[in-house]
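Here are some notes to go with your first look at this model.

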Amino acid sequence: METVLFGFGATIALVGAIIMLSSKNAVHSALGLVLTMGALAFLFLLLNAPFLAMIQITVYAGAIMVLFIFVIMLLGADKLDLRERFPVVPVLGTALASAMFFAIATPLLTNNIDLIEPPPANPQVRFVHAATDIGNNVAVTLDGALRSQPLAEGLNLREVSNFMTVAPGDYTVSITPEGGATLTSPISLTAGSVQTIVAYGTGDAPSITVVPEDLSTVQEARSSRVIVFNAFDPDISISMVNFGSEFDENDTATYANNIPYGTASETTTLIEGDYALAFVRGEGSSSVNPGIDNVLAREEAYELERDQSKLIVLFAERQVDGSIRASVDPLGVMTRPSFGGPRAIGIELFTTYMLPFQLLAVLLLAAMVGAIVLTRHAVTPVKQRVNVRRRVARPLTNVIASQTGHQVVDDAPQLPAETDQREPSGD
Amino acid sequence: MQTEWFILLSVILFTMGVLGVLFRRNAILVFMSVELMLNATNLALVAFAHQWGSEAGHLFVFFIITVAAAEVAVGLALIVAIFRTKHSINIDDLRQMEG
Amino acid sequence: MIPVPSLSEFNLQYTLPALSLTVWACILLLVDLWIPKERKETTAWLAAGGVVFAFIANAFTFNTDGEAMLGMFRADQFTAFSNLVILATTFIGILMSVDYLKRTGIERGEYYSLLLFATVGTMWMVAANDLITVFVALELLSIPLYVLAAFRAPDLKSEESGLKYFILGAFASAFFVYGAALVYGATGTTNIPAILQAVSATLFSGEAANAGAAQLLLLLGSGLMLVGLGFKVAAAPFHMWTPDVYEGAPTPVTAIMSVGAKVGGFAAMLRIFGTGFATLAPAATASSTDWQTIMWLIAALTMILGNLIAISQTNIKRMLAYSSIAHGGYIMMAVAATGTVSVGTGLPNSAAQAALFYLLAYMFTNLGAFAVAMAVEKNDGSGTQMEDFVGLGKSRPMLALMMAIFMLSLTGIPGTAGFIGKILIFQSSLEAGLIPLAIIGVLTSIISGFYYLRVVVNMYLRDGEGDKAEGATPYLNWAVYASFAGTMLLGILPFLATDLTQRVSLVASLFP
């Protein structure tokens, strides 16, 4: 099917290009080019580039080609091309162009370029502080074989660091609480993986574990990935259920069931919207009301955005009186936007490609000024204003001359020179 | 669908654009042939971006399209200006300077 | 929750010279609207002020080494030294333009804004660390120059010059981007350091299945990019447009074009080939890269054609056009020398340093020669024939002396900047093992003496009335003196500039 569609698009593109190259009439050529551009937009769709297909149609086939046709019609240049000549240079050019074509095309067909595999991306890693008793202002470093990189500084409880991209390899995580002893834990980061390091548990020596995450594009529409991590109590396994607004027995769903302490749930994919979440002791049940006693924590109106990877951590929060209470910490990070979509391109434009984007703005400004400079002079030339004055004087002098038979002015008024300044050809 | 086919089409279109620049004498058509070359480039970039799964190719196409718009503005202004003076946009007539 | 980078991550302080001038160019465009028509000189001084500010900012950021704009901008001595050349070009260019525009009746405020746009385009280009940035900056450099070349419209010569430059420039850009697209196809990235890594990894990892297709795409891509950049720097056989465009454009624009566009083009060439393709060789143990041979062939052809055709020219602007082609060949020689694979020995770096020094020397000398040509030029654009220089030694002895020095420097006579530049270039090409190229360089330098010295002969030895050189207005004279000072200073005390290029490195910083 794809091959057929490609053949269809490619044929139209080639036909358009041939029309453009061979037509004697410039307007036909322009329409041929529009055809090619439209066909290319179709091929862009085949290649997963919907946004560019749109731009190609609107900006290229639309705005730019309209400008071309406008200028062709403005100049009446549609038929100016009739005296085509074929001197030696284009013949040489054809030979060179064909040589270039074969130089590129032949080896491309003999070498399978699909074989090139993109190298796996470097691993990304972040740190979540959910350790109840080690306090605020924690510094985290990642010590590799080559160098030591700070992952987070001054991190408070419930806070999360940004993702950091590091080279793959074995590392040691060092967690230094303010005024406390440094905790270390070895982790291994493989290429292409995304990891969240979680420090959790009560006491001076919290546990450290690694939760793998998935930042690739969420395939389901308007959805996000959710992972629940149990960091509450070593003796309790938890479940995350949906209770609706009230504890209505008929409105329950279990999203994560029976997660033991220190582990993460399977990934569930949820549609965006408002959720009423409850974290319950033991097994979550979809049919039985677990009873209010079993509910450890609630998140009444939890708003889930789309295209996120959510890590919800249920951790132990120390109360003023020393007792422990469960607390929820939803941590979201955006997944990779869908490939080739406007969002993906927009994000890149405003982050990595900020500099060329700004330069582009300056470039367009320069082009605007340039277009004005180039075309302005002909609108109000100084010479013509003089001529207008003379033309007004002309009938008057003619009248005087005809009535008196006497030439009033010596120099005859002159019309603006409209003669063709074309050089004689064949020089 | 293999990337090669898209690249092959792009090479053909690019070569046709080169031929257009070399053959056509009407400045507007020469200029349109350059646009065809840029379009061929766009196709190659989108095909490669698809193969690598990287956005950089898409961004490149975005920049090429916008730069082409700027180029068109200046280029057509130049053509209009020279047409006003000379009443011809045949590039064989551009021989004020002996060379 | 879009991960928005904070402003500090952009490292804007590194980009200060280019950034300040970009902003200033946009402001100048607005300010110019309130400057009355008869006092457009003010715009020129405001533009020059911006250049001076950028120059100072560049001096402060001279010794930085880092990346800015999230990896799009490379701030190092290479960037800073190129900026120095560009900003000096623009400053002298403004001095040359002020009176010339007035007496030829084309004085308009936009001229200076467009000049600054072209300047910042070059500045961003020399620092570009990504093929996309190179492309956009290249266009930002070119588009204002197309307009400036046609600035004397409705004069037909000027319009033709603009249109020819535009069509060939757009053609060249298309080649460049197609080349960049193929390189992207081979490496999956447009970032130049990442291309270096990908090239090294693909070619030397022993994965034969990938290497064949990737190497092919890389070769084709680099070749097409070379064609595109070759057009921009007027290297043979892509130099055909140069004489016509140089002759038709207003002379100060020609002068700026002959230096500015070359700085941008060669800097991009050094960055892309010297850094990105530094390891693009048939084998890991090869002594030279794949592109070195073609590069030195182009260099040789450029030197030979440029110098030989220049001999027969009777128009000073066309003669200087061919001379600038020939000098492009000498710089190309240094670019070819960077293609000798010897990471660690520092040879590519010393070749790049030689190229940068040569650009600076060429800048002073060439601008000076154009300034004198401008002094002799009449208001209607005539007076650009070689014959117009006859007897100048008697009528304007000072101007003639300066012109003689510039011609000697372009030839490469000891004591001038041109001599030191050529010595450095020949040295680096000998070290790189390109002995035939060095011989061609020396021979063509001797040939170039014929036409350069003919100007000197015309000025001093031939009898004639001598042109009064009415164009030698005070500001233009300052431009001549500044160029003269630069030419002599670099000729006698070359270490002033070579010290500044000491830490220029293409790839050393990438292999710590």
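1. Let's begin with helix 1 (residues 16-31) of chain C. Its 16 residues, at 1.5 Å a residue, should span 22 Å, and the end C-alpha atoms lie 21 Å apart, so the two values agree. The expected span is 1.5 Å times one less than the number of residues. Helices here are DSSP runs of H or I with at least four residues, strands are runs of E with at least two, and both are numbered from the N terminus.

2. A word on the ground rules: this is a predicted model, in which local features need pLDDT of at least 70 and side-chain atom pairs count only at pLDDT 80 or more, while totals for chains, interfaces and linings use all residues. Residues are numbered from 1 along each chain as its sequence is written, chains are lettered from A and ligands numbered from 1 in the order in which they are written, and side-chain values use heavy atoms, with hydrogens and water left out.

3. Which residues of helix 1 of chain C are buried? They are Pro17(C), Ala18(C), Ser20(C), Leu21(C), Thr22(C), Ala25(C), Leu28(C) and Leu29(C). Buried means under 20% relative accessible area (1.4 Å probe, protein chains only). Their cover includes helix 2 (41-60), helix 3 (77-103) and helix 4 (110-127) of chain C, together with helix 6 (354-376) of chain A.

4. Next, please look at helix 13 (residues 347-376) and helix 18 (residues 474-492) of chain C. These two pack at an angle of about 145 degrees, with axes 8 Å apart. Axes are lines fitted to C-alpha atoms over the stretch in contact, and angles run from 0 to 180 degrees between N-to-C directions.

5. Who meets whom there? By class, the contact has 13 nonpolar, five polar and no charged residues. Ala, Val, Leu, Ile, Met, Phe, Trp, Tyr, Cys and Pro count as nonpolar, Asp, Glu, Lys and Arg as charged, and the others, Gly among them, as polar.

6. Stepping back, chain C has 19 helices and two strands. Of its 512 residues, 70% are buried. Among chain C contacts with a separation of 6 or more, 82% join residues 24 or more positions apart.

7. Finally, chain B has three helices and zero strands, in the order α-α-α along the sequence. Buried residues make up 83% of its 99 residues.

Definitions and conventions. Buried means under 20% relative accessible area, exposed over 50%, partly exposed in between (1.4 Å probe, protein chains only). Contact means heavy atoms within 4.5 Å.
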